[in-house]
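Work through the exercises below with the sequence and the structure at hand. Each task is followed by a solution in steps.

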Amino acid sequence: MTLTVSHVRKSFGADDVLDDVSFRVPRGSRLALVGPSGGGKSTLLRVIGGFETPDAGTVELDDRRLVGDGVNVPAHRRRIGYVPQDGALFPHLSVAGNIGFGLPRAARQRTRIAELMELCSLASDLADRLPHELSGGQQQRVALARTLATSPDVVLLDEPFSALDAELREATRTAVAEIIDRTGVTAVLVTHDHTEALTFGDLVGVLIDGSLVQYGAPEAVYGEPVDLRVARLLGDTVVLPARRQGAQALTPLGVIDVGRDLAGEASAVVALLRPDQLRVRPEPQGMATVAHVRHGGATTAVTLAIGEDTVTVMVPRRDADALAVGVPAHVTVDGAAVLYPAALPR
């Protein structure tokens with residue numbers, strides 16, 4: 001079902017936690033809400049699920065109002081499933097017992113539980129194991145299977161992958177997204193991890209200090225963030241002082257193309273690039289000098305001094321050996337920059 005949140009506000013005492021939040025998640029879509037800790041993400045999830053009552057605003061599934069204007073449907077009647085951060089499996093119940101817990105007693109047949117286990121890529125021989133006998137990724141898939149057992153219209157996921165190591169987190173996230181797509185359920189994930197948000201969501205919402213500051217497709221939110229706060233939240237940035245030159249901008253890296261100008265009437269502007277847009281090569285008469293090199297896996301972070309400015313470029317490991325500290329270098333830019341007022345937070 002389509003989830004619609006309209007003008008939701010929520011305060012705890014004098015603290016405004018949610019400030020006029022509105023968005024729409026079409027049926028079967030995956031929304032990832034990303035933002036810093038304390039930005040209101042989990043509170044918003046709890047409002048949708050019925051665990052918190054908003055001070056104002058409405059939440060609807062299709063044309064069915066769940067809360068607002070005198071209506072407040074209890075959580076257990078909203079047909080919304082909730083997967084908490086730690087999975088919250090019952091330690092004394094087997095995998096089958098956990099999955100079947102939310103089903104009516106008459107519906108707890110092994111065949112139904114086996115169907116859910118297959119859907120969630122859980123091997124049949126895990127059915128009689130206890131939660132502590134499972135890996136972290138298996139535990140999260142059991143928690144999802146338990147949630148899906150009741151055939152919810154919406155699934156809420158509250159940072160469910162945060163306790164997993166990096167490799168398992170990525171694999172589990174991919175598996176969960178595929179499971180959700182197969183069921184056709186609408187899903188809302190909250191996370192503080194920008195990579196998780198951009199890879200999980202069909203839609204991404206950025207929540208900062210209780211306000212939804214940007215909402216849209218992942219490529220649009222990442223490629224054209226509304227301000228530098230959002231840009232930095234969604235990944236590494238290169239921010240350069242700039243001066244407009246028609247459809248281009250003059251920067252310490254030379255003249256570069258401008259994809260979008262969000263600086264309005266500001267006379268002092270900065271240009272935003274992503275590190276992967278920059279290409280660097282050693283060159284005796286280059287504009288920059290290598291100031292620092294930090295090796296790490298397949299890429300190396302090379303910090304360049306350009307006059308009074310510095311920029312960090314991600315270089316393939318195979319090219320890094322030629323870029324030792326003190327080596328002069330030339331930098332080229334792939335693609336275009338986005339311009340912002342220099343006065344915004346950097």
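**Exercise 1: A salt bridge across the chain**

Arg260 has a relative accessible area of 39%, which makes this residue partly exposed. The model is a predicted one.

Task: Find which residue forms a salt bridge with Arg260, and state where the two partners lie.

Solution. 
1. The partner of Arg260 is Glu224, and the closest N and O atoms are 2.8 Å apart.
2. Arg260 belongs to strand S14, whereas Glu224 sits in the loop between helix H7 (218–223) and helix H8 (228–233). The two are 36 residues apart, and the pair links distant parts of the chain.
3. Glu224 has a relative accessible area of 33% and is partly exposed.

**Exercise 2: Strand S14 and its sheet**

Task: Describe how strand S14 is paired with strand S13, and name the sheet arrangement that contains both.

Solution. 
1. Strand S13 (residues 248–251) and strand S14 (residues 254–261) run antiparallel and are joined by 4 bridges.
2. In one of these pairings, Gln248 has Asp257 of S14 as its bridge partner.
3. Both strands belong to a closed barrel of 5 strands in the order S12-S13-S14-S21-S15, with mixed pairing. Neighbouring strands there are turned by 55 degrees against each other on average, direction ignored.

Methods: Residues are numbered from 1 along each chain as its sequence is written. This is a predicted model: local features need pLDDT of at least 70, side-chain atom pairs count only at pLDDT 80 or more; totals for chains, interfaces and linings use all residues. Side-chain values use heavy atoms; hydrogens and water are left out. Two strands pair if DSSP finds at least two bridges between them. Axes are lines fitted to C-alpha atoms, for helices over the stretch in contact, and angles run from 0 to 180 degrees between N-to-C directions. A salt bridge is a side-chain nitrogen of Lys or Arg within 4 Å of a carboxyl oxygen of Asp or Glu. Buried means under 20% relative accessible area, exposed over 50%, partly exposed in between (1.4 Å probe, protein chains only).
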